[in-house]
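Please read it with the structure open.

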Amino acid sequence: MITAQRGTKDILPDEILTWQVVQKKAAELFQKANYKEIRTPIFEATELFKRGVGDSTDIVNKEMYTFTVGNNENSITLRPENTAGVVRSYIEHNMDRLSPPVKLWYMGPMFRYERPQAGRQRQFHQIGLELFGIKEAAADVEVIIMATEFLKATGLNDLTVSLNSLGCPECRNKYKEEIKKAIKPYLNELCDDCKVRFEKNPLRMLDCKNEDCKKIFEKDEIKNVVLKDFICNECREHFEDVKKYLSAADVKFEIDKMLVRGLDYYTRTVFEVKSSSLGSQNAILGGGRYDGLVEMLGGKPTPAVGFALGVERLCSLIKKEEDKKLDYYIVSTETKEAVKLAVKLREKGYSADFDMQSRKFAKQLEKASKVALKAIILGEDEIKGGYYTVKDLTSGEQTKQTEI
Ligand code: HAM
């Protein structure tokens, strides 16, 4: 027997209703705030993620599904996330000519070659949104509010919003120098990845999952070198505005100065939403500002901010939607009449099904009471008399009707 690949899951009919409700809520809420849906391809040039997400991140280094097809084809990668793809599309379709903000949302599968565990898959789905063209803190706040309002609309309440500012490249460079100075004495004790990160991208070290590295980074002389102390005035004011507007909008948050996120494109605000019910993989949603990415991928300098949430993680937390019963089940041994009636009912907007095997009435009624609210009995008498016998399957009450 061939089974589904490790780290992938079928979303079965009894789960899909919850997914459909989640997607509908996203579409409704985001449309109300003027976000338009965008669907980009699930594979892109590998270079897009190397440049966009960053080639010293775990995602690009260890987790990408990368391949070539044909003889002289370029290397392609199944998208590990969708911000880079949306930015590519924004540039390619000259969306910078639209009046800002340009607001886009998406839902779809992402692929990361990670070790599967609860809440972590190799194919998973994200719902996300990206807002282009606004540098002011109001955009960060709007995006965080969209995130929390959406989670609330799905019925989630036990949430924590963690917030940090990563500053701009200038203030971050000063910080990088200082953190390198503090870490240097321990360089030999770090894992091989962190030795590379030390040179290429020191901030990434703080995201390391290796327990020995984590212990070293917990030392006071390293822990006390905090980015916050290096933030320039403009970045500080921006962050103060974000906090001020969030408080005004009654969004509860906590500052997490260790929050660096696992992707390289972030500048200034970063945030995550966590639920204590999720265990170790407790982030439902993550996002932030990425003011340098559009330019880095070949577009004009364009401020931007967005988030993405894991649909599997969300669906594991919310109430499962129950399957609804059909409006009608047609009980008849006259297949031709049953088909005609089913078509007519569906045209009128009812949900309806019928027996395809001309089974005995008792069998058909048994099936009807399992799947439908009402049965329409269409036997010889009914056909001759030009009426339907409609049986309410909850009360058992039967009526004769000439029209449905
Ligand atoms: P991310 O934090 O890598 O951010 O992913 C966002 C969410 O996707 C996570 O919080 C989690 O719920 C879900 N997720 C990630 N990896 C997995 C996995 N292996 N299995 C199940 N769920 C997973 C991004 O992807 C950024 N593009 C977000 C963003 C948009 N930033 C700005 N705009």
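**Helix packing and cysteines**

1. The model is predicted. Helix α5 passes helix α10 in a right-handed crossing.

2. Two packed helices are described by the angle between their axes and the distance between the axes. Here α5 spans residues 137-153 and α10 spans residues 233-248. Their axes come within 9 Å. The crossing angle is roughly 45°.

3. Which residues make the contact between α5 and α10? On the α5 side they are A137, A138, D140, V141 and I144. On the α10 side they are H238, D241, V242, Y245 and L246. By class, this contact of α5 with α10 has seven nonpolar residues, one polar and two charged.

4. Now the cysteines. How many disulfides does the model hold? The count is zero. A disulfide needs two cysteine sulfur atoms within 2.5 Å.

5. Take C194. The nearest cysteine sulfur belongs to C208 and lies 3.7 Å away. The cut-off is 2.5 Å, so C194 is in no disulfide. Is C194 buried or exposed? C194 has a relative accessible area of 0%, and buried means under 20%, so C194 is buried.

6. C232 is in no disulfide either. For C232, the nearest cysteine sulfur is that of C235, at 3.6 Å. The relative accessible area of C232 is 24%.

Conventions. Residues numbered from 1 in each chain as written. Predicted model: local features only at pLDDT ≥ 70, side-chain atom pairs only at ≥ 80, totals over all residues. Heavy atoms only, no water. Axes fitted to C-alpha atoms, helices over the stretch in contact; angles between N-to-C directions. Helix = DSSP H or I, 4+ residues; strand = E, 2+ residues; numbered from the N terminus. Left-handed = near helix turned anticlockwise from the far one by under 90°. Contact = heavy atoms within 4.5 Å. Nonpolar A, V, L, I, M, F, W, Y, C, P; charged D, E, K, R; others polar. Buried < 20%, exposed > 50% of the residue type's maximum accessible area, 1.4 Å probe, protein only.
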